[in-house]
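Colleague: I've got the model open and I'd like to go through it piece by piece. Please take my questions as they come.

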Amino acid sequence: MTEVQHSAADLSAIVKAYDVRGVAGEQLTVEVARALGAAFADFLSGDSMIVAHDMRVSSPDLARAVIEGAVRRGAIVADAGLSSTDQLYCASGLHRAAGLMITASHNPPADNGMKLCLPGARPISRATGLDTIRRAAEAYLEAGEIPEHGEGRAEDLSTLEDYARTLRGLVPLTGRRPLRVVIDAASAMAGHTAPAVLGDLPSLEILPLHFTLDGTFPHHPADPLDPANLEDLRQAVRRERADLGLAFDGDADRCVVVDETGTPVPPSAITALIAQREIARARAAGEERPVVLANLVSSRHVAEAVRAAGGEVLRSPVGHSLIKALMAEHGAVFGGEHSAHYYFRDFFSADSGMLAALHVLAALEEVDGPASALVAAYSPYAASGEINVRHEDPAGARDRVEQELGADPAVEADHLDGLTLTRWDDGAPAEERWWLSLRSSNTEPLLRLNVEAATPQTLERVRDTVLGLLDQHPGDAPDQEAPMADTPLRETAPADGAGFDTGHAAPLPDGPSGADVPGWVRARLRCPDCGGELRDVEAALQCADCHRVHAVEGGIPVLIAGRAEAPNTR
């Protein structure tokens, strides 16, 4: 018998709604991993499984422990070794085997976790198996042993070549146009997969950034939804005059895109772009009205783009297991989330950051203009981003917002995932068109607010009204979770993204420019020529990178490409 630690019998703190996540060596020990591996094998009732791991320092030991526990319970385990999460999903789909990935995605270096799937990369959530697995693992921990059962064994499995071949077969690049692309792997798994998928394509010049695998993340955290972690990429794109930048999270199942100016592209814009491509492909194959899934905090434009392409859009609650299950139920060709997860029917309805990147590269190949022009049409609205507000009574707070804003007969309410209020009549004036989502966190006393509107002014008004009802104010700086913007960081609209502090940073001090705009707007203004930071000079804003100057007239920055000099610059 294999002994396990008796003291760690309660796993409720680390078994989350859709995965396992905790501090490695403290909450998620090798004993706990061994018990979870055994419990997963029991749950599968004899099905084989594939186990893989990322580059975190603790990952190899945790993967070995999972394999040991599963083998003791009679499982046939394929050890796939170092892998991205979507690489594991691909193997699960191709081999029709269950999968367990050791990763904590974008979490800090001390953390680790597990993502589990059934054969064919089908998702497992708390409601569909994780709770059962947790209770069985707790029983093993409580008993202090894992009894041997059956004749299990482990064997090695190489998956990288099949993964690369599968992705390139789904989205072949034509080479119509040569592209220079900076890829920031954040010292994580894209440094392993990007060379295999993209490295030998003659039309691509890959400029690698932080490709050396290092689970301590020495350069920056592997969370591309936080704008601070995109700074290396943004600078490299501008410095190298690249056509595009790509940033991946720790396990490379999410991808964030940066255009040629260094401006992050909203995930909702990428969802709309890929949706139209996948709809066109499905319709060409004879599918009359392909279905696309988008979670309910994606931009309104996603649904507009889907319908314009001849598809049907379905709204989903937030959560990858939910959207995967709905994709299978409705045969959806594609699904997208505001968190930069992208799901593909032809990829076992699983999410893949690298496959999303291939779609963006293929779309850019097909046009002659820059990436910024390609994505501009997919971001027509102003959005707040995901604003996290701590609140001890989330349900009561939602009720208060619904009573106040829902009293308008033109406002429609639904409760698919928390509260969504919509006041959007295309025949109404732009200032009367808006929608908001207010939903609770699964794990913390947080309310997550997203607002989108036809104009920045309406966005500010609705957002601040809701924050007032939540006893928050624009200067209070609610917590930010840091998803990307669903409105580009350009001069015309505020950013959407839980990590772009959308209106809640303290105002910037007045500078010599005389720009009379809120601090959160001023912090996001970028040079329209190169995307560089703008600094205050006398009566103008000057780009710190290309040094072009943009006048401030009547307190309003006039951001027009090509201005050369500022009056009395200093």
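Colleague: Which strand does Val-181 lie in?

Modeller: Secondary structure here means DSSP runs numbered from the N terminus: H or I over at least four residues for helices, E over at least two for strands. The run covering residues 179–184 takes in Val-181, and that's strand β10.

Colleague: Is Val-181 buried or exposed?

Modeller: Bear in mind that this is a predicted model: local features need pLDDT of at least 70 and side-chain atom pairs count only at pLDDT 80 or more, while totals for chains, interfaces and linings use all residues. Residues are numbered from 1 along each chain as its sequence is written, and side-chain values use heavy atoms, leaving out hydrogens and water. Buried is under 20% relative accessible area, exposed over 50% and partly exposed in between, with a 1.4 Å probe and protein chains only. Val-181 has 1% relative accessibility, so it counts as buried.

Colleague: What distance separates the C-alpha atoms of Val-181 and Leu-244?

Modeller: Contact means heavy atoms within 4.5 Å, and beyond its neighbours within four places in sequence Val-181 touches Leu-204, Glu-205, Ile-206, Leu-207, Leu-244, Leu-246 and Leu-361. Leu-244 has its own list, including Arg-180, Val-182, Val-257, Val-360 and Ala-371. Val-181 and Leu-244 are 63 residues apart along the chain, yet their C-alpha atoms are separated by 5.0 Å.

Colleague: At what angle do α5 and α11 cross?

Modeller: Axes are lines fitted to C-alpha atoms, for helices over the stretch in contact, and angles run from 0 to 180 degrees between N-to-C directions. Tyr-163, Leu-167, Arg-168 and Leu-170 of α5 meet Met-354, Leu-355 and Leu-358 of α11. The axes of α5 (residues 160–170) and α11 come within 10 Å, crossing at roughly 35 degrees.

Colleague: How does α6 lie relative to α11?

Modeller: Their axes come within 11 Å and cross at roughly 45 degrees. Under 35 degrees is roughly parallel, over 145 roughly antiparallel, 65 to 115 roughly perpendicular and the rest oblique. That angle therefore makes α6 to α11 oblique.

Colleague: Which residues of α11 make that contact with α6?

Modeller: From α6 come Thr-193, Ala-194, Val-197 and Leu-198. On the α11 side the partners are Met-354, Leu-358 and Leu-361.

Colleague: What is the C-alpha distance between Thr-193 and Ser-84?

Modeller: Thr-193 lies in helix α6 (residues 190–198) and is buried, with a relative accessible area of 0%. Apart from residues up to four places away, Thr-193 touches Ser-84, Gln-87, Leu-160, Tyr-163, Ala-252 and Met-354. Thr-193 and Ser-84 are 109 residues apart in sequence, but C-alpha to C-alpha the separation is 7.2 Å.

Colleague: What is the phi of Ala-252?

Modeller: Most residues other than glycine have a negative phi. Ala-252 is found in the loop between β12 (244–248) and β13 (255–258), and at 1% relative accessibility Ala-252 counts as buried. Although Ala-252 is not a glycine, its phi is positive, about 65 degrees.

Colleague: And what phi does Ala-340 have?

Modeller: Ala-340 is in the loop between β16 (334–336) and β17 (342–344), and at 0% relative accessibility Ala-340 counts as buried. Ala-340 is not a glycine either, and its phi is positive, about 75 degrees.

Colleague: How many helices and strands does the chain have, and what share of its residues is buried?

Modeller: The secondary structure comes to 15 helices and 29 strands. Out of 570 residues in the chain, the buried share is 59%.
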